[in-house]
Amino acid sequence: MPVEEFVAGWISGALGLVLGHPFDTVKVRLQTQNTYRGIIDCTVKTYRHESILGFFKGMSFPIASIAVVNSVLFGVYSNTLLVLTATSHHERRLQPPSYTHVFVAGCTGGFLQAYCLAPFDLIKVRLQNQTEPRARQGGPPPRYRGPVHCAASIFQEEGPRGLFRGAWALTLRDTPTLGIYFVSYEWLCRQVTPDGQNPSSTTVLVAGGFAGITSWVTATPLDVIKSRMQMAGLGQREYQGLLDCMVSSARQEGLGVFFRGLTINSARAFPVNAVTFLSYEYLLHLWG
Ligand SMILES: C[N+](C)(C)CCCC[C@H](N)C(=O)O
């Protein structure tokens with residue numbers, strides 16, 4: 001089984017992640033708290049109360065976990081294509097796989113990475129939602145002191161299953177939308193690249209960016225539900241399950257609730273996924 005794809009997936013994921021984390025914090029807050037009027041209001045308030053560091057809350061864990069998550073995604077994607085089409089990454093330019101194969105491989109990668117991602121994503125969301133400034137004298141201390149403390153508290157309070165809160169919504173969010181992610185990327189690359197040639201760096205950047213946007217646009221409704229289920233129980237309301245969360249959110253806040261965070265998700269998705277695909281392709285080219 002070729003391992004380069006796993007390593008390239010890891011490095012490219014980490015680069016994209018750092019670039020996109022401030023956008024991600026604003027998004028999570030907009031989705032789960034009702035105190036902000038919009039992106040600008042949330043950005044300004046976060047900066048005023050918590051300084052620039054506020055935007056990087058909850059980042060250390062994703063950085064560690066992206067090693068597993070993105071390498072599972074890209075590694076499983078590429079190896080599934082190998083099984084389906086008997087072509088390696090380098091051979092695929094001359095013998096491009098069908099879009100159905102690309103979709104199935106993307107969904108397989110998406111499904112498996114969702115389970116690796118679930119506990120890390122839960123901890124990230126819990127930490128991002130702590131709006132207390134880090135070191136304020138006399139103020140109430142934040143509930144979680146950091147990622148390890150957060151993981152340990154959830155484990156103690158709710159057992160190992162607690163760490164998988166929202167995992168089902170996350171799997172539903174990621175399986176089809178990562179299929180869409182790779183199909184969009186391939187489709188865009190093939191539109192502007194002559195047959196048999198490698199796409200140029202600009203093509204990879206633009207196709208990666210748009211693939212990220214397409215995937216996030218389709219993922220946003222379930223992203224909102226996922227974040228809410230992850231926050232359930234913490235001073236927020238408990239839900240009976242995914243459907244209950246969907247129905248009660250829509251009843252109380254209207255259908256627009258499913259699009260919360262859409263603009264910021266898209267703004268974040270372009271640079272993050274442009275850099276992810278560019279470094280992924282570049283590394284595989286380098287090692288090829
Ligand atoms: C499937 N879903 C839309 C959730 C993610 C797709 C892109 C994944 C990328 N690591 C990123 O963070 O943007």
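A: The largest cavity has a volume of about 620 Å³, where a cavity is a set of points on a 1 Å grid over the protein atoms alone at which a 1.4 Å probe fits but cannot get out, and a volume is the space filled by probe spheres set on the points, which are joined across faces, edges and corners. This is a predicted model, in which local features need pLDDT of at least 70 and side-chain atom pairs count only at pLDDT 80 or more, while totals for chains, interfaces and linings use all residues. Residues are numbered from 1 along each chain as its sequence is written, and side-chain values use heavy atoms, with hydrogens and water left out.

Q: Which residues lie nearest the centre of the largest cavity?

A: They are Ile66, Leu117, Arg173, Trp216 and Arg268, out of 33 lining residues, a lining residue being one with an atom within 4 Å of a point.

Q: And which element gives the largest share of that lining?

A: That is α1, with seven residues; helices here are DSSP runs of H or I with at least four residues, numbered from the N terminus.

Q: How do the residues of that lining divide?

A: There are 12 nonpolar, 12 polar and nine charged residues, where Ala, Val, Leu, Ile, Met, Phe, Trp, Tyr, Cys and Pro count as nonpolar, Asp, Glu, Lys and Arg as charged, and the others, Gly among them, as polar.

Q: OK, what about the largest pocket, how much space lies in there?

A: About 470 Å³ lies in the largest pocket, a pocket being an open set of points with protein on both sides within 12 Å along at least five of seven lines. Its lining has 25 residues, with His89, Arg93, Asn198, Pro199 and Glu281 nearest the centre, and α9 gives the most to it, namely seven residues.

Q: Switching to serines: is serine 248 buried or exposed?

A: Serine 248, which lies in helix α8 (residues 242-253), counts as buried because its relative accessibility is 8%, and buried means under 20% relative accessible area with a 1.4 Å probe and protein chains only.

Q: What lies 2.7 Å from a polar atom of its side chain?

A: The backbone oxygen of aspartate 244 does.

Q: And which residues does serine 227 touch?

A: Leaving out residues up to four places away in sequence, serine 227 touches Gln31, Thr32 and Val125, where contact means heavy atoms within 4.5 Å. Serine 227 is found in helix α7 and counts as buried, at 0% relative accessibility.

Notes: Helices (H or I, at least four residues) and strands (E, at least two) are DSSP runs, numbered from the N terminus. Buried means under 20% relative accessible area, exposed over 50%, partly exposed in between (1.4 Å probe, protein chains only). A polar contact is a pair of N or O atoms within 3.5 Å; within protein, one must be able to donate a hydrogen and the other to accept it, and residues adjacent in sequence count only if both atoms are side-chain atoms.
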